[in-house]
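My entries follow the order in which I consulted the model.

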Amino acid sequence: MRNLFDYDRAGLEAGFQAAGHKAFRARQIMKWVYHRGVRDFAAMTDLAKSLRAWLGETATLAVPEVRSRRDSVDGTIKWAMGLGQGDAVETVLIPEAGRNTLCVSSQAGCALDCRFCATGKQGFNGNLTTAEIIGQVWLANEVLKEQGGSVSNVVLMGMGEPLLNFDAVIRAVNLMMDDLAFGISKRRVTISTAGVVPAIYDLAEVSDVSLAVSLHAPDDALRDELVPINRKYPLSELLAACRHYVAGLGERRALTVEYTLIKGVNDSLAQAKALARLLRGLRCKINLIPFNPFPASGFERPGAGAVRAFQTALLDAGYAAMLRTTRGDDIDAACGQLTGAVSDRTRRQSRYLARLQVATHDA
Ligand code: SAH
C-alpha cells in the first residue's frame with residue numbers, strides 16, 4: 001500500500017503515469033485531499049469507479065494519529081502526533097492577528113544535541129516520512145477550516161533537524177507551497193537549520209523556500225559548546241553557505257538568523273556587538289528568542305533589561321532585530337520545549353549515540 005501523502009505533485013503524476021493513468025488524475029486527487037479535506041477514495045466522485053476501486057486496493061491516505069491536544073490560555077494549540085511504534089512528535093499552532101503559524105516536526109527526536117534544547121535530550125528515533133510531515137499540516141488545517149481559517153505560515157522549527165531529513169522535507173515543503181495542496185507562499189514557509197552546511201547548498205539547488213539559521217553564538221568557541229554540529233561546520237563555512245543561499249533568493253528576501261538568549265552565556269553587550277560584526281554583509285533579519293526553560297536544562301532566561309540591551313545593540317548596528325514573544329509556555333509548547341513521546345530510554349540512548357555518529361559522518 002502506498003500512502004499518497006508521501007508524494008508531491010511530480011511524484012504523484014509520475015506514479016499515475018507509470019500505472020497507465022493520466023497525470024491529471026493525480027491533480028484531481030490532490031484537490032480532493034488538500035482543498036476539500038477528503039481522504040476516502042470512494043467519495044472522489046469525479047474519478048471513474050474503476051480508478052477509485054484501484055486506489056482503494058493499492059493506496060492509502062494516512063495521517064498521524066492525534067494522540068493528545070493541549071490548549072494554551074493564549075490560543076496556542078499543541079498536538080502530540082503518533083507515528084506508530086510508540087513514538088510521537090509535537091506540532092504547535094500559533095494563532096496571531098491575521099495569520100496562523102504552524103510549527104512542524106521533521107524528526108522523532110533529534111541527533112544534534114544542542115545544549116539548550118529539550119528535543120535533543122530525548123535522543124533520536126528516526127526521520128519522519130513526507131506523509132508524517134505534511135499530515136501535521138493537513139490535520140491542523142482541517143481544525144482551522146472548521147473556524148473558517150487555514151494554515152497561513154509553516155515553520156519547520158518543531159522537533160528535529162529538517163536538513164538531515166532532506167528528501168522527505170523537500171517533498172513536504174513542495175506540497176505546502178503547491179496551489180493544488182496548501183498554496184502557501186515561499187515567503188511563509190521556513191526551514192530552520194542548526195547549520196548542516198552541505199545541505200544548505202543542496203537546498204539552494206532545489207528550492208527557494210525561506211531559510212532560518214540557528215546561530216546562538218557569535219564565535220566558534222561558544223558555538224562549539226552550544227550547537228555541537230559547529231565543530232564539523234564552523235561559523236566561517238556556515239556563513240558562506242548562508243550568503244550563497246541568500247544570493248539565490250532575490251533582493252527583497254533575507255535570511256532569518258535565530259539567536260536564543262541565555263543568561264550569562266551568550267547575552268552580553270560585547271556578544272551583541274560581536275554578532276553584529278559577524279553578520280556584516282549578510283542580508284538577514286535577526287530573531288531573538290529568550291531561552292525557554294525545561295527540567296534540568298541548567299540554563300536561565302536573561303532578564304528583560306539584558307534582552308532589550310542586546311536587541312538595541314543590534315538595532316543600533318543597523319539590523320532588523322525582533323524579539324520573539326513566547327507563546328504557549330503554559331503547555332510546554334514554546335521554542336525548545338517540544339519532546340513528544342519517546343521509546344525506552346536505554347535503547348534511545350544507545351541508538352542516539354550511534355545515530356549521532358552516522359548523522360555527523362554523512363552530513
Ligand atoms: N534543528 C532546527 C529546527 C529546530 S528549530 C534548528 O536548530 O533550527 C528550534 C529553534 O528553537 C532553534 O532555533 C532554537 O533557537 C530554538 N530553541 C531551542 N531550544 C530553545 C529553548 N530552550 N529556548 C528558546 N529557544 C529554543
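**Conventions.** I worked with a predicted model, in which local features need pLDDT of at least 70 and side-chain atom pairs count only at pLDDT 80 or more, while totals for chains, interfaces and linings use all residues. Residues are numbered from 1 along each chain as its sequence is written, and side-chain values use heavy atoms, with hydrogens and water left out.

**Ligand shell.** I found 21 residues around the ligand, the closest being S192, S214, H216, T260 and N292. By class, I noted 10 nonpolar, nine polar and two charged residues in this shell. Here Ala, Val, Leu, Ile, Met, Phe, Trp, Tyr, Cys and Pro count as nonpolar, Asp, Glu, Lys and Arg as charged, and the others, Gly among them, as polar. Strand 10 (189-193), strand 12 (255-261) and strand 13 (284-290) each give the shell at least two residues. Strands (E, at least two residues) and helices (H or I, at least four) are DSSP runs numbered from the N terminus.

**Polar contacts.** I next listed pairs of N or O atoms within 3.5 Å. The side chain of S192 places an N or O atom 2.6 Å from a ligand oxygen. For T260, a polar side-chain atom is 2.7 Å from an oxygen atom of the ligand. A ligand nitrogen lies 3.1 Å from a polar backbone atom of G160. The ligand taken alone exposes 540 Å², of which the protein buries 95%; these areas come from the Shrake-Rupley method with a 1.4 Å probe.

**Strand 9.** Strand 9 runs parallel to strand 6 (residues 99-103), joined by three bridges, and N153 is the bridge partner of T101. Strand 9 also pairs with strand 10 in the parallel sense over three bridges (pairing requires at least two DSSP bridges). There, V154 has V189 as its bridge partner.

**Helix 10.** I located A270 in helix 10 (residues 269-278). A270 is exposed, with a relative accessible area of 54%. Its C-alpha atom is separated by 42 Å from that of R171, 99 residues apart along the chain.

Notes: A residue is near a molecule or strand if one of its heavy atoms lies within 4 Å of it. A polar contact is a pair of N or O atoms within 3.5 Å; within protein, one must be able to donate a hydrogen and the other to accept it, and residues adjacent in sequence count only if both atoms are side-chain atoms. Buried means under 20% relative accessible area, exposed over 50%, partly exposed in between (1.4 Å probe, protein chains only).
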